[in-house]
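Student: Hey, I'm new to this one and would like a walk through it. Can we look at it together?
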Amino acid sequence: MVPLTVHSGVAVPLLRANVDTDAIIPSREVRRVSRTGLGDGLFANWRYVDGQTGRPDPEFVLNRPERAGASILLGGPNFGCGSSREYAVWALAEFGIRVIVAPDFGPIFRKNCVANGLLPAGVPMAAVRELAAWSDRDPQHNRLTVDLVAARIKGAGEPVPFDVSRAARIRLLRGLDDIAMTDCRAAAIDAFEAERFAAEPWVRLP
Amino acid sequence: MNGSVPIVPTTLFDKLWERHCVETADDGESLLYVDRVIMHERTGGIALDALARRRRAVRRPDQAFCVVDHVVDTEPGRGDATRVPGGTDFIAALRQGAAAFGLRIFDVNDDDQGISHLVSAEQGIALPGLSLVCPDSHTCTLGALGTLAFGIGTSELEHVLATSTLRIAKPATMRVVLNGRPRLDVTAKDLALKLIGTFGAAGAAGAAVEFAGQAVADMGVEERMTLCNMATEFGAATAVVAPDEQVLSSVLATPMAPVPAPVAEWSRLVTDPGAHFDHRAELDAAQVEPQVTWGTSPEHCASVHAAVPPPSGAAARRALAYMALEPGTPLRSVPIDAAFIGSCTNARIGDLRSAATVLAGRRVAPGVAALCVPGSRRVQRTAEAEGLDEVFRAAGFEWREPGCSMCFFAGGETFGSGKRVVSTTNRNFENRQGPGVRTHLASPAVVAASAVHGHIAAPDPV
Ligand code: SF4
């Protein structure tokens, strides 16, 4: 995974509440047994005139020329609620999103983000709106800078602190792979399991 | 401390956590030992394939199960062919992964196939005191059995398969007390919707919820599963209910129940009096009326006897526009195009019985498409043995094979754009049941009554 330390990019606002994973990637856009080929399906219901990946709706914010190359998504409360589908994060990543700034996130979505090197940055709604307002004035020029080392987002004024768990921060900063990390704890897991099976033999299926 | 060890009152969730926590790192994240894994075709094949590519083994193949439920067809006589584009490949990939790693699979026409959360309960894959994960957000359904159950993503699934552990920060705890005795026409689904309507779709704020109170104690196991299922729509990390006698007797009847059963162990799975919860919420169940949603979030709900409320803000205005509803319209006058009874929320035998009671001797209103999809083969068999399939068919419902079906749209079946559907499922998001479909969530009885009347309707007074 590519580590994320300081990231500057064009922001794109999608401030509505409860943007769910079905909206991020409609299940019908998942056609292959694969983690790739999902970027075009991102926000398909809103991004295309007919909802299918045909004609882009020129009015939808992700399609606006001034948002070209956007990599920071500004969202509303409960962003990524709904299903556990990791396709939503894979689609965002393939589209080029690295950071999602929102007041709070669906719990599974947040974990899926971190597992794929995307930063879910928790910022109160009022501050999200301020960042969006500044970006709106000249999106290509008014880029946001997300500093994961300092846990701050720089827009126009004072850098805005954001909320991210310590574990997620360390993982993203180092670009660590979960399985490799846990492999280091294999002995502890084996010992725990042996104790568990001894204390409660019924846990183990015959 | 004078030698005496103070006993700290502990919550059920904390006890379950303690039983599974291998260790907690400085960064606050824990390694949680996972006793059982169940995966479905929509993501299972991808995870198993990724493991194979890494040349990794499944650490405990005896604890991992596969089930075909998400994109499989539900037409009688079905095979591997799916209406979902590419769906057959997803089924094939899961089957191939299961064979490669030697995992038990509940395949398309297995006698015990069904929606993963139902299969977990019916087979005894989920048991009190065990931890279980599934790559599906409604895995917390199994908290109703006293199982520590988490919905996970695909990368997490890979991690669990490879290491038998889940990396997870311990969530806060929340006690949700449902006081009083609900009216006879009010079900667990109505209580769940009312709860979400009262405290919001993020009301649980990522906490582990324990449901308690008179109304929960009075519920059957299946209703508790409905309640825990909807905890996802409440924004919970998971949900639990302390297992009581009826839970124990129901899990002991499953094929994988342990012999001898650790009944003493299981009966300790309760919250101690005085235990601390980070958050609390209460609801007077006696005051709740049958609910139906009017918008595009489960929190957009109201009594079936009420009118569409005036929008509280931009989100509600947008929801009303999508749903093509005017504030002030009595919900009971809203005509429907379709009725759907199915999903891991409300397709257990009790749900089908409750709908059949409403439907007996009646017909679905002209022009209303109606579908009943049992949650599992076992449910289907029981229903057929009781003659419920005949009741549904005689009323004009289609009677299908088990699966997730129209709970979500994956490019296959849908009632069609602009159609208004009353549904026993858990999500009324925009386009959830297909592009442009307008979903109203409700209990099986409300869905059945609405199908008969051709508009949103309350079940007859009991
Ligand atoms: S029935 Fe619906 S909510 Fe339940 S597992 Fe299937 S798709 Fe998910």
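This is a predicted model: local features need pLDDT of at least 70, side-chain atom pairs count only at pLDDT 80 or more; totals for chains, interfaces and linings use all residues.

Student: Which residue stands opposite Leu144(A)?
Tutor: That's Gly9(A), facing Leu144(A) in E6(A).

Student: What's the strand order in the open sheet?
Tutor: In chain A it goes E1-E6-E7-E8, four strands with antiparallel pairing. The edges are E1 (6-9) and E8 (160-161), each of which pairs on one side only.

Student: Switching topic: how many residues of each chain are in contact with the other?
Tutor: On chain A it's 52 residues, and they contact 71 residues of chain B.

Student: And what area is buried between chain A and chain B?
Tutor: About 5,000 Å², with carbon and sulfur atoms giving 54% of that. On the chain A side, Ile179(A), Trp202(A) and Leu205(A) lose the most area to chain B, together 15% of what that side buries.

Student: What about salt bridges, how many are there between chain A and chain B?
Tutor: The count is 12. One example joins the side chains of Asp22(A) and Arg432(B), at 3.2 Å from N to O.

Student: Which helix gives the most to the side of chain A that touches chain B?
Tutor: H8(A), with seven residues. Other helices of chain A that supply at least two residues each include H3 (87-95) and H4 (107-115).

Student: New topic, then. Where is Leu352(B) found?
Tutor: It sits in helix H12 of chain B, residues 349-359.

Student: Is Leu352(B) buried or exposed?
Tutor: Buried: its relative accessible area is 0%, and the cut-off for buried is under 20%.

Student: So what does Leu352(B) touch?
Tutor: Leaving out residues up to four places away in sequence, its contacts include Ile341(B), Cys372(B), Pro374(B), Phe392(B) and Trp399(B). As for Ala445(B), 93 residues apart from Leu352(B) along the chain, the two C-alpha atoms are separated by 8.9 Å.

Methods
Residues are numbered from 1 along each chain as its sequence is written. Chains are lettered from A and ligands numbered from 1 in the order in which they are written. Side-chain values use heavy atoms; hydrogens and water are left out. Contact means heavy atoms within 4.5 Å. Buried area is the accessible area (1.4 Å probe) that two parts lose on being put together, summed over both. A salt bridge is a side-chain nitrogen of Lys or Arg within 4 Å of a carboxyl oxygen of Asp or Glu. Buried means under 20% relative accessible area, exposed over 50%, partly exposed in between (1.4 Å probe, protein chains only). Two strands pair if DSSP finds at least two bridges between them.
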